[in-house]
Amino acid sequence: MSKPVRAKISALGTYLPPRVLTNSDLEKMVDTSNEWILERVGIRERHIADKGVAASDMAVLAVQNLLESHPFDLQEVDLIIVGTVTPDMMYPSTACLVQHKLGIKNTWGFDVSAGCSGFVYALNTGVKFVESGQYKKVLVIGADKNSAMTDYTDRAVCIIFGDGAGAVLLEPSEDGAGVIDHVAQIEGAGGKFLYMPGGGSLNPASHETVNQKMHYIHQDGQQVFKYAVKKMAEMTERVLEKNNLSGKDVDCFIAHQANKRIITATADRLGMPLEKVVINIDRFGNTTAGTIPIAMQTALEEKKLKKGDLLLIAAVGAGFTSGASLIRWAF
Ligand code: COA
């Protein structure tokens, strides 16, 4: 029997809008303090996209950044998958908008809605298409413009979120590098703790939905925090055990950047020293589906991740959704 094809991440690109919103800016907008935000969440500043810049624009800029480090003919892209919960509009999908803006002719694509697990879910979906042998080049993108859905009078929410995007290219692997395995789970009972109720078929946009602030992120922070700490540990342990590995075998750990305390609690549980853990939430906040590819970029820049390393990624998000993947890094 021929060896199964593994899908490797062969290139990475990211985009962060230039405008920065600092904690001291937020101190002027809501009743909060730099100390509180740093201590409770671990964020100093986040990037915010301008009006008129949508998730698809950030996704396109992330792909263009990827092309700079890894030039190839975009016409070879077979499939585009975009993880986002802040699509430009209800439809068409962000994947269609990205395809059009990049001018890719013979491809197909779709969006994945999985909150902060969006990139992990999109990645695992793309991996299957490469593993099947059907496709040779899949673009997986995580892009969110959270500022468009954030109530900047709600101090428990507006301090957390930022905007940004990241893109990876998946290709068949010839040397064993690539995505080794993943686990994932949804638990819809948690939907009531993190959601945006307005604008869908249940609560279509009206003056009333606007007055009731239904088009903003609604969050029970404590419930989300408790679930995220528990589930991040559970999913990482599950994918490691499934592959007869432990935290000690992992060279680099990238968790979704939602709260520094969630990341360090998970690393602690896995017995992983902080040198192996990527933390950039202080600079970028929570960019939802953007965090993991953006943190991959940070890991490369900080030399925490290099060719041949075993990378563990994990995310928990609205839904609730959760997932973790093990990746042998390819470059
Ligand atoms: N500045 C100052 N005080 C704030 C504040 C802010 N920005 N936001 C909330 N508070 C206050 C609360 O009003 C509360 O005051 P009270 O005791 O007088 O009622 C107090 O701080 C404690 O609130 P609590 O909700 O218990 O704080 P917390 O320590 O749980 O931190 C979050 C709040 C939102 C930062 C935290 O729960 C969290 O990170 N949750 C996860 C969110 C998340 O990751 N979302 C994305 C999903 S992937």
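I began with Arg-40: a polar side-chain atom of this residue lies 2.8 Å from an oxygen atom of the ligand. I note here that the model is a predicted one.

Next I looked up Asn-259. An N or O atom in the side chain of Asn-259 is 2.7 Å from an oxygen atom of the ligand. For Thr-32 I found a polar side-chain atom 2.7 Å from a nitrogen atom of the ligand.

I then checked how much of the ligand the protein covers. On its own the ligand has 940 Å² of accessible area, and the protein covers 73% of this.

How many residues surround the ligand? I listed 22. The closest are Thr-32, Arg-40, Gln-219, Gln-222 and Asn-259. I had therefore already looked up Arg-40, Asn-259 and Thr-32 from this list.

I sorted the shell around the ligand by residue type. Eleven of its residues are nonpolar, seven are polar and four are charged.

Where does the ligand sit? I found the ligand in the second largest pocket. I then asked which elements give two or more residues to the shell around the ligand. These are α2 (34-40), α6 (155-158) and α8 (221-242). The largest share comes from α8, with four residues.

Last, I looked at the domains. Domain 1 (7-175) and domain 2 (180-328) each give at least three residues to the shell around the ligand.

Key:
Residues numbered from 1 in each chain as written. Predicted model: local features only at pLDDT ≥ 70, side-chain atom pairs only at ≥ 80, totals over all residues. Heavy atoms only, no water. Near = heavy atom within 4 Å. Polar contact = N/O pair within 3.5 Å; in protein donor to acceptor, adjacent residues only side chain to side chain. Areas by Shrake-Rupley, 256 points an atom, 1.4 Å probe, with all protein chains shown as cover. 1 Å grid on protein atoms, 1.4 Å probe; cavity = no way out; pocket = protein on both sides within 12 Å on 5 of 7 lines; lining within 4 Å. Sits in = over half its atoms within 2 Å of the grid points. Nonpolar A, V, L, I, M, F, W, Y, C, P; charged D, E, K, R; others polar. Domains from an automatic or database assignment.
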